[in-house]
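Dear colleague,

Please find below the structure that I am handing over to you. My notes on its contents follow directly after it.

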Amino acid sequence: MALVERDVALTLLVERLGWPVKLVRWRAARALRELLQSEEWGERARAALLDWLSSRRLESEVTGALSVLLVTDPAARPSFDAVVGTITWPSLLADLLLERCYGPGQVMGGWERDLEDPPEDFAAPPYFLSHQRSVVPPILLMDLEHLEEKHGPPFTRQWAYEWDRIMRRTSVPYSDYPSYFGDYGLAQYGAHPQVVSRQSEVFRSAYQRTLGHAVAAWGMPLDKAALYATEALPVLPRLFDLDLGTQPHAIDRFRRDACGDGADLEALARSVIASLADSPFQLAAITAPAPYDVSEFGRISLTGYLISEDFVPTDDEEWRVPRKMIMLKDLGLYGDMPDLDIERITVRGKVGTSLPLTFEVMPHPHGFWHDEIITSGMSVPCSYCFDGPAKIDARAEGIVTESLGRRTSKTQVWLDRWTPLHDPEGHTRCGALCMADGSLVAHAKSKLGFDLAWRVEVITWAREKGYGDLKKQVRAVFFRD
């Protein structure tokens, strides 16, 4: 390949950091990191990344480039001076990333410039109000509303003003639904696009500017503002390295058979449990998308529960596997296994009680380029399954737990196929398989005096007569091990 062709290819790769699909950004960042760390390509890759960074006009785009450096080997990063010399729109989050990359005190500053209060007659534009919950996750608005309610300053009004200021200095279009991705008709009836629009970049940038204003004008503690700023973090170290594997053949066969008319769900579940057993590990949880040709928006799950001897499930009980937010002390998915409040997650039947064998990991911050896999249900065994301190860690092979010097579980994640829309409940077409050491299950059964049971659930979404709202259909079976 000619040198000029190589440089064009490298430029195209770097441009993918701004692609409207989060999964593409993540994969492009991984490929770019590999080039940064290679002897042959390192110098050119650093030059290409710095060139792209120098042309960014939004704070959120700057943090995207810095996030690549965050997960790159320190020896392969450009110099601190070279990086800050290309940034034209700094932010609190940019400083946080720079300090993580280059060490304490290595920050750019300057984000407090160009800050001002909105004029007295300023009112949030209608477009802003109608899109503040849709083009970015609602958590951004919820965070600012919480800060406003607790501390008093007008955080939400400042957010609208900063958004308006960015719009007046840029040519970002007032985009609406990205009709070039997926079936717009489906989106009208409950499915939602999983894309990053240019407007989402503006909203995230305005959010960063609002936090900067809060520090400079309202005296918000810098460390507290930095914590809120990580809501817009693009990637999470360690989780960044997770490889999307291949769906096990046994699960593919199980999910297809489970979607068949009149399927014997218990028999199919028992068969896949036996097929996946790999001593000393045994199945703890499966969540997988339905076959695409059966239901674009559908999921099959098989989840372990610990039940009292007299447990009888109710007919209308919602069997939700708990989702636990893990507050990370450092930027990276690694830390102590969180304790779960047994009382809050107990499922009460007609008689007796039940506890889930696993919970879904929700790291905070999680890196929004990883949204696709966060919704897959990254299950790991619950804290009461362990007989000692346990750690959770994200690695290339999956999400693993370790306790007392040995591996106790592994959760593999895969992507069935990428689709531009996710179902009305937020699930993508990622799947996850959690395998746990049999000693964990035995310990939990002995400790609680409970038995092991399973629940298999098949969910599909479809439009009646080919149009109208997406209707949810559920079939489920509960059985003892």
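A salt bridge is taken here as a side-chain nitrogen of Lys or Arg within 4 Å of a carboxyl oxygen of Asp or Glu. Please bear in mind that this is a predicted model. The side chains of Asp-416 and Arg-429 meet this criterion, with an N to O distance of 2.7 Å. Asp-416 sits in the loop between β12 (406–415) and β13 (421–422), and Arg-429 in the loop between β13 and β14 (430–437), so the pair ties together parts that are 13 residues apart in sequence. Asp-416 is partly exposed at 24% relative accessibility, whereas Arg-429 is buried at 2%.

Across the whole structure, the search finds 29 salt bridges.

In one of them, Arg-169 pairs with Glu-59, the closest N and O atoms being 3.9 Å apart.

Glu-61 counts as buried at 9% relative accessibility, while Arg-198, at 37%, counts as partly exposed.

Some of these interactions also connect with one another. Salt bridges with shared partners join Glu-59, Asp-114, Glu-116, Glu-162, Arg-165, Arg-169 and Arg-209 into one network.

I would also draw your attention to a helix pair. Helix α11 packs with helix α12 (residues 222–229) at an angle of about 170°, and their axes are 10 Å apart. Angles over 145 degrees count as roughly antiparallel, and α11 and α12 are therefore roughly antiparallel to each other. On the α11 side, the contact is made by Tyr-207, Gln-208, Leu-211 and Val-215, which meet Leu-222, Ala-225, Tyr-228 and Ala-229 of α12. By class, the residues of this contact comprise seven nonpolar, one polar and no charged.

With kind regards

Terms used:
Residues numbered from 1 in each chain as written. Predicted model: local features only at pLDDT ≥ 70, side-chain atom pairs only at ≥ 80, totals over all residues. Heavy atoms only, no water. Buried < 20%, exposed > 50% of the residue type's maximum accessible area, 1.4 Å probe, protein only. Helix = DSSP H or I, 4+ residues; strand = E, 2+ residues; numbered from the N terminus. Axes fitted to C-alpha atoms, helices over the stretch in contact; angles between N-to-C directions. Parallel < 35°, antiparallel > 145°, perpendicular 65-115°, else oblique. Contact = heavy atoms within 4.5 Å. Nonpolar A, V, L, I, M, F, W, Y, C, P; charged D, E, K, R; others polar.
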